[in-house]
Amino acid sequence: FTDIHEQKIKEQQKDEFLSIASHEMKTPLTSAKAYLQLLELTLDNKDEKIALYAKKASLSVNRLNELISELLDVSKIQYGKLSYNIDFFNFDEMIDNTVQDIQYSSPKHTILKSGNTKELIRGDKDRLQQVVINLLTNAIKYSPEAANVYITLSQQNDEVMVAVKDSGIGIPQQHLKKIFERYYRVEEHAVEFQGLGIGLYISCEIIERHKGRLWVESELGKGSTFYFTLPINNI
Ligand code: ADP
């Protein structure tokens, strides 16, 4: 009992620390981001090198901003404060835009999309987009040798389904359930592939909030397919 109690207190302290630290980091980061944008706008194109450096700094600051937003999301989930803006939106359009964005920033892989749903979904478009971004960036990150990743849309009765497939490193069977837990990462792959182990935890929370399901099928060394479903009109 004492061990479990101590472990709980430690986890709570870690959560509190992450919550405060990510809040504190957000303000100076937002300001750095704004100044970098101004710098990029002010630079004329005469000095290509300076423009390139400003662009690279901007990309890094954006990535840092995403990481800190994810940490903030985790603490919001912890305190039941992750907010949702629910409205109708065109599901396929959201997927197409997301694929385009990720394709732009990951030119080494080709993202092949198939299927469609032609559905208006009721839900939080940005949060659901966050899930698709997470699954696609993972598929790319964990398949460094592959040329393609695949995203397939389909519809059955009153559900839409999305499958994101890669032919990458795969996940050992004993980890398949645990990867959706907070901070959980497959130990054997953790050194080679960087990450915080929170993307799937946040994705799971978002999909559950929409009364959908998120799961994975995978074979070590062969690749993984992540699936999620969403009820069309049921939130
Ligand atoms: P992160 O990728 O930042 O570690 P996630 O929560 O997105 O965090 O994923 C948790 C863990 O699940 C990863 O650390 C990795 O071990 C495993 N994982 C997720 N997606 C894949 C994938 N497409 N292929 C292989 N392993 C994956």
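Visitor: Is Asp-15 buried or exposed?

Guide: This is a predicted model. In such a model, look at the relative accessible area; under 20% counts as buried. Asp-15 has a relative accessible area of 10%, so Asp-15 is buried.

Visitor: Where is Asp-15 found?

Guide: Asp-15 belongs to helix α1, which covers residues 2-42.

Visitor: Which residues does Asp-15 touch, leaving aside those up to four places away in sequence?

Guide: Asp-15 touches Gln-78, Arg-182 and Tyr-183.

Visitor: And Tyr-35: buried or exposed?

Guide: Over 50% counts as exposed. Tyr-35 has a relative accessible area of 58%, so Tyr-35 is exposed. Tyr-35 is also found in helix α1.

Visitor: Which residues make the nonpolar surface patch of about 390 Å²?

Guide: Tyr-35, Leu-38 and Leu-41 make that patch. Here is the general idea. An α-helix has 3.6 residues a turn, so residues three or four places apart point the same way.

Visitor: Now a whole helix. How many of the 11 residues of helix α6 are buried?

Guide: Eight are buried, so helix α6 (residues 199-209) is largely enclosed by the rest of the structure. Among the buried residues of α6 are Gly-199, Leu-200, Tyr-201 and Ile-202. Others in that set include Cys-204 and Ile-207.

Visitor: What covers the buried residues of α6?

Guide: The cover includes two helices, α2 (48-78) and α4 (125-141). It also includes the strands β6 (213-219) and β7 (223-231).

Visitor: Which residue with a positive phi follows α6?

Guide: Look at Lys-211, whose phi is near 60 degrees.

Technical notes
Residues numbered from 1 in each chain as written. Predicted model: local features only at pLDDT ≥ 70, side-chain atom pairs only at ≥ 80, totals over all residues. Heavy atoms only, no water. Helix = DSSP H or I, 4+ residues; strand = E, 2+ residues; numbered from the N terminus. Buried < 20%, exposed > 50% of the residue type's maximum accessible area, 1.4 Å probe, protein only. Contact = heavy atoms within 4.5 Å. Patch = residues over 30% accessible without salt bridge, like charges linked within 9 Å, V, L, I, M, F, W, Y side chains within 5 Å. Areas by Shrake-Rupley, 256 points an atom, 1.4 Å probe, with all protein chains shown as cover. Salt bridge = Lys/Arg side-chain N within 4 Å of Asp/Glu carboxyl O.
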